[in-house]
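A student looking at a protein model for the first time may wonder what lies behind the words used to describe it.

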Amino acid sequence: MLNRFVQWMACLALSLGLSGVALAQASEPVSRLVSERLPGAPLSRQFSTGDFDASPRHMALASDAEGRLLVGNLDGLLRFDGESWRLFELPGQQPVRAIAKGADGRLYVGSFDTFGWMEPDTGGGLVYRELMGAVGLQGKDRNVGVVWEVLPTPTGVYFQTEHALHFLPYGGGRGRTWPLPDNSRAFYVDGEVLYTRIEGQGFSRFVDGRFVVEPGGGQFATRSLPAMFPRKGWRLLVGEDGFYRSDARGITRLGAPGPAAFADEGAYVAVELRDGTLMVGTNSGELFRYERDLTLRQRIRIGNFGILALGTDSEDGLWVATEAGLHRLSIPSPWSVIGSAQGVQGRAHDFEWFDGALWLATSRGIGRLTRDAAGDYAYARKDWVSYESYSLLATTAGLLAGHREGIILLRKGAQRAEVLLRSDAGIYVIQASRHDPSLVFALGGQALYLLRPAGSGWEVWREIPTGTLSPWSMEELEPGELWFGDSRGAPQRWRLDLSTGRLRDRTVMGPEHGIDADSTGGSNVYLLDERVHAVVAGRDFMFDGRGFAPFTEAPFSLIDRPKELTVRETPLGAYAFTSRQLWHRARAGHPWTQVLLPADVAGGYGTVRVTADGVLRISTWKGLVQYDPTERSSAQRRLRVTVESVSARHVRTGNASDAARNAAATFTPLALPGQDGRLLQVPAGQGLVLRFSMVSMEAGAQFRYRLPGVAADWTPWGDAVLSVRPLPAGTYRLEVEGRSRAGREAQPLRLEFQVMPFWYETWWARALAVVTAVLLITGLVVLLSRLRTRQYLAANRELEQRVAERTRALEKANRQLTELATEDPLTGLCNRRVLETGLRREWNRCMDNSQPLSALMIDVDHFKKFNDDHGHLEGDHTLRQVAQLLRRHHDEERELLARYGGEEFSLLLPGVDPAQARVRAEALRETVANSPLGVTVSIGVAGFVPGRHTERDRLLRLADDALYRAKRAGRNRVEVDTSLDRSPGKV
């Protein structure tokens, strides 16, 4: 019980938001540059062989016209659209050593003993087309060895091989070949002119097969030259020890005197970013970022593997290919991150800048984060606190910290902290007064403490018991006037006598004060523009000094979780946030705009603050996110939904089960829409399987679909694959919308396709049917004159045929309605179809966030006997009552309860591990057992952290196995699957 209470209070500390401005930073202007700022690491994503199922060896990086990433790999060419990888192999499974996009729009590649270009095919893939013959290579001359570089120019493209340089003009003109000396090294392009470094000779210009040394180029006769960047009238050279300028007068050194920072690290590659800064990669796994004036701005360690290639994508992301994998860094970006990669231990609840370091209150105590002379992060966890720490406040007299066992004070320069207060109930918020610099509020589990200066430190001046108040949020409006949100009831206003530290009065706000909402679900308060707002029962009320009135404007109208709404005023503007959304307003009267952080760090917002070093930081699930207003944002190109691939799906008919027929289904790739100028045509009686993409390097693309005439309502947001069942002949228009996980919307797609008719539905078949009908009618007329009885029978058969057709049409309509239904008609719960969709959604979310996902399979005991004894009507009534009991004891916003079938139910618990799930299951079992329904339930529990190679259905199967163990063990009990005591996702 204590651990659960502490976890709840940690959430309280985050919801309170730690709104006070630290006393030591009250006079610090944000615009002031603080030399001792702690830079964060770039937001990054890492990819390994488990993501793209290919070799970890990458040799080249580029982007195509659609913005997708292209990677030259040892196994071929990799293409990434931000969500999924595809590998395109070259003939003979040759590697791709070099990639470049020509001025003609083609994608040229170099390999081993071959070079050519990649041609798009009708299915959305790429096919290799060789160009060896276009430059006259035949027989043994085709053994060119390694194709080191592909060098596009405005008029054609060069291919550098081991012993020759080949040129091919755009448009298919005649190519040329020049032999290369063995001491030639890398080539560089400046417009139509090629430069190279000749070992023993130096930096030289290539002139029709000859190498002319540039003025001063001899200084690179024995020194490597990783890169060259053209400038107007001169060239910037990146040497092994620094930067140089090359022009008609010679080569001169640039930048600060002495070797550059990367001189001792083995500079290997370099790339110029869109903002003009340079990135230099080294053999030691480090990146160096230089400003336009060549001053060092940032030093980033990627790992211990050498950096082989650098490249940028269409959204200004920097891609780094190392000897072990791929990394994408958000550079440039005003956002950076501090988390576990920088050594931080546990989840950060709060943070402060104090005594030249960043201090963190985490789930594992208190820690101090700095950087050493080499630029490496150094995190030191202090032993002053044994358990969780929740709140920090930097003051001129020291750093105050609230933790599970009280309050401590760390003075500047001290090695140990002093104990100010011991409290078994814990201290969860330490907040400076907005009006009195000599007053600090400390909120604990049982009391509010007032702190005053004492000597050169602080002391606990007064203690005010909170009584029945369960604080959810706290705001100070006027001196001595505190407002509280109560997680169990209505908001409260406390007035303190600051001369004595006593509580003068306490007012619980209700209908008589203008809050005409049910407060039994708790309340929240926040402060905006010097007005107190109270959120009760999903409604916002603003206090005008006399009473509350409904408030429906921003930011309340923008957020998704009203009870979590917190607003914090900072020198950079106001921030409004819940755990899932973050909004910003530059100043009063300006509009609110949503802050869309990358999906891998977004979410779990807990604290927003500008600390004493002038940096805005935000705590999230993944660590601290930092904002640097001097850094520009990366390009946000317009997203667009496109079709990645499309196949016709044919399911064999017969008496086999649905699962068997689906397993035997065959798929036929179709040409992508627009490839041949015609509508997408689907063979008669076949379904469609479409895969969509939305090229963005931000992870977490989501799609939803609508097919007017078949399904008029939008589907829930889901994955990129859509299956369309076989449809009647005709033309249809599929509507597809996309968005990123952070909320960026994409240009929607309207896709028209035509379902072809069966042969008997074609015009000639119908004409033949008409002729046949005429002949039959003629024959019937003749027969009528002979035998009226046959006429009567024929009429009956025709009527029966029409009834059968109408019956089939009605059955078809009913099937369509059934397929669209999502609610179980007996219990009113979600049906099994919704459960399957929800399992896929929660599986992907928990896998991305490395969170556990648990499932409960619940079965009513001896239900068949109950039906036999009381009848099916009473049995249905009892099932509905059991469903209502379960519904009242689950969170509909976070959890999914569904009827699995018969008397069996299923409950999905995202973010809950098996131990917590067992506690939930026991509570549900006791609830049913203690109810007057006269039945009991058995429950099976399973849970684990989803992995990429684990089947989703495995979770329900394991829970179902545990359920049957519970029934075999005597029923009315809970059993937990024990086969998952292993690493996450390994099932």
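Q: Which residues of H7 meet which residues of H8?
A: In this predicted model, Phe-863, Phe-866, Asn-867 and His-870 on the side of H7 meet His-872, Glu-874, Gly-875, Thr-878 and Leu-879 on the side of H8. By class, the residues of this contact divide into 3 nonpolar, 5 polar and 1 charged.

Q: What makes H6 roughly perpendicular to H10?
A: Helix H6 (residues 832-849) and helix H10 (residues 953-968) pack with their axes 10 Å apart, at an angle of about 115 degrees. The range for roughly perpendicular is 65 to 115 degrees, and therefore H6 is called roughly perpendicular to H10.

Q: Which residues make the contact of H6 with H10, and how do they divide by class?
A: Leu-835, Leu-839 and Trp-843 come from H6, while Asp-953, Leu-955 and Leu-956 come from H10. These residues divide into 5 nonpolar, no polar and 1 charged; Asp counts as charged, whereas Leu and Trp count as nonpolar.

Q: What makes S1 and S55 edge strands?
A: An open sheet is formed by 5 strands in the order S1-S30-S57-S56-S55, with antiparallel pairing. Strand S1 (41-42) and strand S55 (608-610) each pair on one side only, and these are the edge strands.

Q: How do you know that S30 and S57 count as paired?
A: Two strands pair if there are at least two bridges between them, and strand S30 (residues 335-339) and strand S57 (residues 623-627) are joined in the antiparallel sense over 5 bridges. In one of these, Trp-335 has Tyr-627 in S57 as its bridge partner.

Q: What joins S49 to S50, and what is found in their hairpin?
A: Strand S49 (residues 539-543) and strand S50 (residues 548-551) pair in the antiparallel sense over 4 bridges, and the bridge partner of Met-542 in S50 is Ala-549. Their hairpin has 4 residues between the strands, and there Gly-545 takes a positive phi near 105 degrees.

Q: What is the volume of the second largest pocket, and which residues lie nearest its centre?
A: The second largest pocket has a volume of about 1800 Å³. Of the 48 residues that line this pocket, Glu-149, Leu-151, Phe-187, Pro-226 and Ala-270 lie nearest its centre. Among the strands that each supply at least two residues of the lining are S11 (149-152), S15 (184-190) and S23 (267-272), and by class the lining has 31 nonpolar, 8 polar and 9 charged residues.

How values were computed:
Residues numbered from 1 in each chain as written. Predicted model: local features only at pLDDT ≥ 70, side-chain atom pairs only at ≥ 80, totals over all residues. Heavy atoms only, no water. Contact = heavy atoms within 4.5 Å. Axes fitted to C-alpha atoms, helices over the stretch in contact; angles between N-to-C directions. Parallel < 35°, antiparallel > 145°, perpendicular 65-115°, else oblique. 1 Å grid on protein atoms, 1.4 Å probe; cavity = no way out; pocket = protein on both sides within 12 Å on 5 of 7 lines; lining within 4 Å. Points joined across faces, edges and corners; volume = space filled by probe spheres on them.
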